[in-house]
Amino acid sequence: MTVAASSSTLSRPELRALLLRFIAAFAVVLLTVTTIAYFARPAAEATARGFVDRFGVLGMALGTLLADGLSFPVPPQFYMLMAIASGANVAKAFTAIALGSVAAGAVGYFLSEKVSHWGWMSRKTAAPRQVLASSFARHGYRAALVLSVLPIPYSMVCYLAGLNRLPRRFLGLLMLCRVPKLLAFFYLVHLGWSIG
C-alpha cells in the first residue's frame, strides 16, 4: 500500500477502496484455486504431496514466516494449497502456517523497534509511520482491528508498529487479528479446491 505523505488518516473513499481491494483479493484466491483444481488437479496433487513429504508442516511454517516476515514472493496461500491438495492434516497445517505468520510479525516488530533510532530509516518511513501513529492516537487499539481487514501487508503493519515503538499490546492484538484473516483465506482455498 502506498500512503500519501500529506495525509495522516485515510478518507472514507480511500478506506472503501482498500476494502474493495480486500474483497478482490479473496475473489482472486478463490478463482485461482478453483482454476488450478479444475484444470491441473492431478499435477497439483502430486506437487503438493511432494512438498509435504519433503518439507512437512515445518516447511509450511518456515515458508509463511519468510512470506509474512520478508514479503517473500510465495504467499501463505501457497502453503495452504499444498496442505489441502496433498490431503495433509488440516489442523496441523493451519497451526503451522498461523504460527509462522505470527512469528514473522513479532520478528518484524522487534527488528524494526531496534532500528527505529536510525535517522535514515526514520526519514524513509516517515509518511506511513505518521499514518499509523495518527490512527493509533485517534483510535487506540481499535486501529489494529481495522488494519487487520485492510489489504495492507501484515509484515508492513508490524514493521511500522515497531518503528513507531507502539505498545507491545498493539502488536499482540495485530497477531490475534491475523489468525482469523488466515483462517478466512484457508477456508477460501479449501472451498476453491472443492469447487474445482
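Begin by selecting leucine 81, which touches Val33, Ile36, Ser86, Val189 and Trp193, leaving out residues up to four places away in sequence. Contact here means heavy atoms within 4.5 Å. This is a predicted model, in which local features need pLDDT of at least 70 and side-chain atom pairs count only at pLDDT 80 or more, while totals for chains, interfaces and linings use all residues. Residues are numbered from 1 along each chain as its sequence is written, and side-chain values use heavy atoms, with hydrogens and water left out.

**The nonpolar cores**

Next, select Met60, Met80, Leu81, Phe186, Val189 and Trp193: of the 26 residues in the largest nonpolar core, these touch the most other members. A nonpolar core is a set of buried Ala, Val, Leu, Ile, Met, Phe, Trp, Tyr and Cys residues joined through side-chain atoms within 4.5 Å. Buried means under 20% relative accessible area, exposed means over 50%, and partly exposed lies in between (1.4 Å probe, protein chains only). The elements giving two or more residues to this core are α1, α2 (76-86), α3 (90-115) and α8 (168-195). Helices (H or I, at least four residues) are DSSP runs, numbered from the N terminus. The largest share of this core, 8 residues, is contributed by α1. A second, separate core has 24 residues, among them Tyr154, Leu160, Ala161 and Leu174.

**Along helix α3**

Now move to isoleucine 97 in helix α3. Isoleucine 97 counts as buried, because its relative accessibility is 0%. Beyond its neighbours up to four places away in sequence, isoleucine 97 touches Met60, Thr64, Pro76, Tyr79, Met80, Leu182 and Phe186.

Serine 101 is also found in helix α3. Is serine 101 buried or exposed? With a relative accessible area of 0%, serine 101 is buried. Serine 101 touches Thr64, Asp68, Tyr154, Arg178 and Leu182, again not counting residues up to four places away in sequence.

Continue to alanine 106 of helix α3, which is buried at a relative accessible area of 17%. Leaving aside neighbours within four places in sequence, alanine 106 is in contact with Leu171 and Met175. Select cysteine 158 as well: its C-alpha atom is separated from that of alanine 106 by 7.3 Å, although the two residues are 52 residues apart along the chain.

**Where α1 meets α7**

Display helix α1 (residues 12-70) and helix α7 (residues 154-163), whose axes come within 6 Å and cross at roughly 60 degrees. The two helices are therefore oblique to each other. Angles under 35 degrees count as roughly parallel, over 145 as roughly antiparallel, 65 to 115 as roughly perpendicular and the rest as oblique. Axes are lines fitted to C-alpha atoms, for helices over the stretch in contact, and angles run from 0 to 180 degrees between N-to-C directions. Asp68, Gly69 and Leu70 of α1 make the contact with Tyr154, Ser155 and Tyr159 of α7.

**Helix α5 and two positive phi values**

Select the buried residues of α5, which are Arg129, Val131, Leu132, Ser134, Ser135 and Phe136. These buried residues pack against α4 (119-124), α6 (142-149), α7 and α8. Just after α5, glycine 140 takes a positive phi of about 65 degrees.

Finish at arginine 165, in the loop between α7 and α8. Phi of arginine 165 is near 55 degrees, a positive value in a residue other than glycine. Most residues other than glycine have a negative phi.
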